[in-house]
Amino acid sequence: MKDEIIESLVQIVGEDWVLDDLSKMQGYLYDETEPLLRPEASEDSVVVKPGSPEEISEILKYANKNLIPVTTRGGGTGVVGGAIPIKPGIVLSLERLNKVVELDEKNLMITVEAGVTLADLLEVLGSESKLFFPIHPGDEGAQIGGMVATNAGGTKAVKHGIMRNHVKALEVVLPTGEIVNLGGKLIKNNMGYDLLHMMIGSEGTLGIITKATLKLYAKNKYTGTLVVSFNTRREACDSVPKILQDGITPLAVEYMDRIVAEKAAQQLGSKWPADNGGSVDLIFMLDEPTEDGLYSNSEKIVEICEKYNSVDSIIAETAKEQRNILEIRSNAYGPYKDNISDALDIAVPPSTVPEFFDDIAALAEKYNNNIVSLGHIADGNIHNFIMGENGKLPSYYEELKEKMYKTALKYGGTVTAEHGTGKTRKKHMPLQFTEREIEIMKNIKNAFDPNGILNPGTIMD
Ligand SMILES: Cc1cc2nc3c(=O)[nH]c(=O)nc-3n(C[C@H](O)[C@H](O)[C@H](O)COP(=O)(O)OP(=O)(O)OC[C@H]3O[C@@H](n4cnc5c(N)ncnc54)[C@H](O)[C@@H]3O)c2cc1C
């Protein structure tokens, strides 16, 4: 990186907070994207760690004037290459903006700086409050700014939706350096166009989020986890809408093939608790204000599943039993990790999941690829792992992937439900959007970032 750029950044943040030595920068150049898909990072980068929105404003004014690309980095847990700097430029890490600004229990809201991690947030709420924040993408190293920028989802969307449903206000530094405050501690707010929601899910391409106010909820005291086993995917899938229609809204409803659950458990040195028949399992996570409510909803779920020919059910009540099931579910990726080409993030309308599963099974057979499917079934969000061949992408990888996307779109689905477009999914934007829709998106990008300095190559070129 040119000396004059490094010198200018040092003047803004101080020399302790600028890294240009490659060995020190390595940890800032990549994220958690599958290795076979990861875009190449530009080693001609400089990492800067500002300590305030004002410093970020100065950095952006400088970068905008000199047309230097800026890639924003949160926790680096993204899986679509969003935080990977593919052009020579500045990597801007939010890690020093890590303060909890205000826990406002009267308004049931919390305001945090963008670099606060999910783990930090959970710790503060766990120890200091009766309130909780429901969004949980698998890796607690994710930062709140990154979770807003990716509109993160996770397992608990059945009851609590996605990040977008809980962001009330943001402080954002625009690529031109202005600091703006969007939204407020409001339940209703209809004034003008909604710039707050433009920023959510914008993946570091429209502005840098420096502070967020999030909605909190009363903690439910009683939690339980239910595993219900079926012989067929279709019977398992068909039971889910009936449960929701009957007014039971679990925190999460997860789907796993038994073989996946057993392998994941084995890798952890544990045992999958459902072993009394069946080949697929649904995991229901429940939280209720009363013990009676927890038991009666668990019983109702079991009764409904029995009508769909479930063959077994177990209820985990102790914290240890529940943790064991969740750990195994979280490790579903583990046994396949070394041989996954791509972990897709497709979603379809929930009612079409059984047909979607059938179509994916047919494609798996046609291409002779042992596609593993699991996921957030009540959200229609299925993660399909396309397997590699001897550590490489299979020759038919692009063709198969496109067929899977087209299958999802046929049912009114989406290429990416929660991971984002990033750098690895943008090629398929024209599959999902019309030319006119993409043109409007380009105009929006232009309006925020006229010189195109923010996160080049992400969402669109
Ligand atoms: C094991 C594992 C499980 C996961 N499970 C889920 C899941 O269930 N659901 C889900 O939704 N995701 C999941 N993810 C993906 C990931 O955790 C989320 O996308 C997360 O929200 C990313 O946050 P981050 O801080 O790590 O962002 P990063 O990876 O650092 O960045 C992601 C994008 O946001 C931008 N960005 C980051 N911070 C800011 C900011 N302050 N201002 C503007 N732009 C910013 C970056 O430029 C980049 O484009 C998982 C990841 C892993 C590794």
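Predicted model: local features only at pLDDT ≥ 70, side-chain atom pairs only at ≥ 80, totals over all residues.
The largest nonpolar core has 54 residues, and L121, I144 and L170 have the most contacts inside it. Helix α3, spanning residues 53–65, gives this core its largest share, 5 residues. At least three residues of the core come from each of domain 1 (3–93) and domain 2 (100–218).

If you leave out neighbours within four places in sequence, its contacts are V112, A114, V116, L118, L121, M163, A212 and L214. There is also a second, separate core, with 43 residues, and Y255, F356, A378 and Y396 are among them.

Now for the ligand. Which elements each supply at least two residues of the shell around the ligand? They are β3 (70–73), α5 (144–149) and β10 (208–215). The largest share of that shell, 4 residues, comes from α5. In total 35 residues surround the ligand, and the closest are T72, G74, G75, T77 and G78.

For G76, a backbone N or O atom lies 2.8 Å from a ligand oxygen atom. A polar backbone atom of Q143 is likewise 2.8 Å from an oxygen atom of the ligand. How much of the ligand does the protein bury? Taken alone, the ligand exposes 970 Å², and the protein buries 90% of that.

Our last stop is T407, in helix α13, residues 397–410. Is T407 buried or exposed? Buried means under 20% relative accessible area, so T407, at 10%, counts as buried. A polar atom of the T407 side chain lies 2.7 Å from the backbone oxygen of K403. Not counting residues up to four places away in sequence, T407 touches F356, D359 and L363. One of these, F356, brings us back to the second core, which includes it.

Key. Residues numbered from 1 in each chain as written. Heavy atoms only, no water. Core = buried A, V, L, I, M, F, W, Y, C linked by side-chain atoms within 4.5 Å. Buried < 20%, exposed > 50% of the residue type's maximum accessible area, 1.4 Å probe, protein only. Domains from an automatic or database assignment. Contact = heavy atoms within 4.5 Å. Near = heavy atom within 4 Å. Polar contact = N/O pair within 3.5 Å; in protein donor to acceptor, adjacent residues only side chain to side chain. Areas by Shrake-Rupley, 256 points an atom, 1.4 Å probe, with all protein chains shown as cover.
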